[in-house]
Amino acid sequence: MEDIFRLSEECESTPSVVINYEGTGRTIDKYHVDLPYPAVEGIAPNPMYGAIVKCLYAGQNSEITAIMQYFYDSCILKGQYDEAYTAFKYIAVVEMEHMELLAHIITALGGTPDYTYRTGNSEGCWSAKNIRYSRTPRQIILEAIMAEEKAISAYMDAVNVIKDEAVTCIIQRIIMDEKLHLKIFRELYKKLA
């Protein structure tokens with residue numbers, strides 16, 4: 001299996017959870033890596049780590065932004081580029097699972113999974129202003145590629161700072177899905193050429 005689909009050795013032995021996609025159909029299987037997510041357990045409270053995870057959860061370039069963005073994009077793509085419409089719709093569902101995992105991590109770290117975040121000395125609140133309202137398949141997919149690259153980078157930065165293995169194993173697993181999404185968006189973009 002490619003490196004992007006491998007967890008680090010310390011994560012392979014952690015307990016895991018299997019997300020049940022009941023009711024969504026099995027189409028979703030091609031939009032997430034076929035590995036369970038590590039369980040959200042054994043996480044000690046840590047406000048600093050909580051603040052980092054909250055940026056991934058509800059910051060400007062966060063899971064909630066990805067969910068709302070990809071839902072909007074799927075609505076625009078329907079009838080224009082149906083293969084992309086399906087991909088964006090199901091990738092949004094996978095991003096919801098990521099958001100739920102991050103919410104449980106935030107709670108375990110002693111925080112609350114509200115839609116606020118802190119960067120440096122400033123506090124922010126998630127806003128629909130984070131959404132790009134593009135209307136063409138080419139622009140939508142190009143923006144999705146850039147968003148996934150930013151997400152992967154932000155998650156990797158978090159893994160480098162957070163020293164709680166239970167948290168970093170979950171984040172590493174999420175990164176695997178994000179890399180898959182990036183690959184899918186790049187393939188969709190190539191089909192437009």
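Is the crossing of α3 and α5 left-handed or right-handed? I found that α3 and α5 cross in a left-handed way. A reminder to myself: this is a predicted model.

**Entry: the helix pair.** I looked up the axes of helix α3 (residues 63–77) and helix α5 (residues 137–161), which come within 11 Å and cross at roughly 165°. An angle over 145 degrees counts as roughly antiparallel, and α3 and α5 are therefore roughly antiparallel to each other. Next I listed who makes the contact: α3 brings Glu-63, Tyr-70, Asp-73, Ile-76 and Leu-77, while α5 brings Pro-137, Ile-140, Ala-144, Ala-147, Glu-148 and Tyr-155. I sorted the residues of this α3 and α5 contact into eight nonpolar, three charged and no polar.

**Entry: salt bridges.** My search of the whole structure turned up six salt bridges, and I noted some of them.

- Lys-191 pairs with Glu-83, with the closest N and O atoms 2.6 Å apart. Lys-191 sits in helix α6 (residues 165–192) and Glu-83 in helix α4 (residues 82–108), so this pair ties together parts 108 residues apart in sequence. Lys-191 is exposed at 52% relative accessible area, whereas Glu-83 is partly exposed at 39%.
- Glu-149 pairs with Arg-186, and their closest N and O atoms are 2.8 Å apart. This pair links distant parts of the chain, with Glu-149 in helix α5 and Arg-186 in helix α6, 37 residues apart. I have Glu-149 as partly exposed at 35% and Arg-186 as partly exposed at 39%.
- Arg-118 pairs with Glu-123, the closest N and O atoms being 3.6 Å apart. Arg-118 is partly exposed at 43%, and Glu-123 is exposed at 63%.

Key. Residues numbered from 1 in each chain as written. Predicted model: local features only at pLDDT ≥ 70, side-chain atom pairs only at ≥ 80, totals over all residues. Heavy atoms only, no water. Axes fitted to C-alpha atoms, helices over the stretch in contact; angles between N-to-C directions. Helix = DSSP H or I, 4+ residues; strand = E, 2+ residues; numbered from the N terminus. Parallel < 35°, antiparallel > 145°, perpendicular 65-115°, else oblique. Left-handed = near helix turned anticlockwise from the far one by under 90°. Contact = heavy atoms within 4.5 Å. Nonpolar A, V, L, I, M, F, W, Y, C, P; charged D, E, K, R; others polar. Salt bridge = Lys/Arg side-chain N within 4 Å of Asp/Glu carboxyl O. Buried < 20%, exposed > 50% of the residue type's maximum accessible area, 1.4 Å probe, protein only.
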